[in-house]
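Dear colleague,

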Amino acid sequence: MKTYENISLKPYNTFGIDVCARKLLVIEPGDEVPPLEGEVLVIGVGSNMVFTKDYEGTVVILAKKSQFSISNSQFVTAWAGTVMDDLIQWTLDHNLYGLENLSAIPGTVGASAVQNVGAYGAEAKDLIESIEAYDLQERRHCTFSNADCHFAYRDSLFKHHPGRYLILRVTYRLSETFTPNLSYKALEGLPHDTAQQLREAITEVRWSKLPRPEEHGSAGSFFKNPVVDEPTYLRLKAEHPDMPEAHRTDGGYKLSAGWLIDRAGWKDRTQGRAGVWPKNALVLYNADGCTGDEVRALAATIQQDVKQKFGVTLDPEAIIV
């Protein structure tokens, strides 16, 4: 376990925002978690966070080490500090399938469970069997079943209790048979004879639409796709016949946030030193050393314009700290 005082968090958030943490704690596999007083923030690689000021509490990070195990042929348990994309490749190398549609999503195993990450018709919750965590408040180890986690669209129990649970390991139920998940329209026509082939094709598609982290900082998809009721969807479809078909969910109709932002006129625009990515309007990015406040201001302006034009509220997927 390593402890740092008054350290810059710029290397620990993918937006590349330069703020400081009063204390940074890096937990290694097998470490005993020490008592932590005051405000605590648990982050993975900071791929879904926008820091607007220095953090006066303790930031906790799990060491980025790949650690996996297999039980009963199809259950894979991974250290929560493992980079999610490394886990996906490891599962395919061991002929276990199910995670390939989540390829190239930045972040760690633990963070993917907190956020219930999803892409191309798949979500982490569809494969998570259980989660081992440490309750920082009650100072005890605990295990959560899938149902205990209260997963929802980009949501979970852990997201509603920031700073309380430190996820240590995640167990997935995978399949020994590769059945390609091509339910998402963007996957039509992609090669999928093998899981590896599909993974590589998805990775190529993702990076064709997103900024490379070494070139421009971002938090990936900044907004959630909004879910509206049927009357709202039918109204919008009548007013905008070219609007993409909505995905029907239990809660209503899921619209494309990227399309709404594009049609509101924000694609490939900047405000201050933050901008909207030219190839994907859902992505806000660091155009030239922006601050977190500049990102927050840009997001607020986009939300206002989309609300005024379409009557739809956009909620951030990114966490603003």
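Strands here are DSSP runs of E with at least two residues, numbered from the N terminus, and two of them pair if DSSP finds at least two bridges between them. The model is predicted, so local features need pLDDT of at least 70 and side-chain atom pairs count only at pLDDT 80 or more, whereas totals for chains, interfaces and linings use all residues. Residues are numbered from 1 along each chain as its sequence is written, and side-chain values use heavy atoms, with hydrogens and water left out.

On that basis, β14, β16 and β15 form, in this order, an open antiparallel sheet of three strands, with β14 (227-228) and β15 (247-249) as the edge strands, each pairing on one side only. Three bridges join β15 to β16 (residues 252-254) in the antiparallel sense, and R248 has Y253 in β16 as its bridge partner.

As for the interior, a nonpolar core is a set of buried (under 20% relative accessible area, 1.4 Å probe, protein chains only) Ala, Val, Leu, Ile, Met, Phe, Trp, Tyr and Cys residues joined through side-chain atoms within 4.5 Å. The largest such core has 55 residues, of which L99, L102, I131, F144, L166 and Y172 touch the most other members, and strand β12 (residues 165-173) gives the most to this core, with six residues. A second, separate core holds 48 residues, including I43, I61, V276 and A318. Leaving aside residues up to four places away in sequence, I131 touches (heavy atoms within 4.5 Å) several residues, among them A113, F151 and V170.

With kind regards

Definitions and conventions:
Helices (H or I, at least four residues) and strands (E, at least two) are DSSP runs, numbered from the N terminus. Buried means under 20% relative accessible area, exposed over 50%, partly exposed in between (1.4 Å probe, protein chains only).
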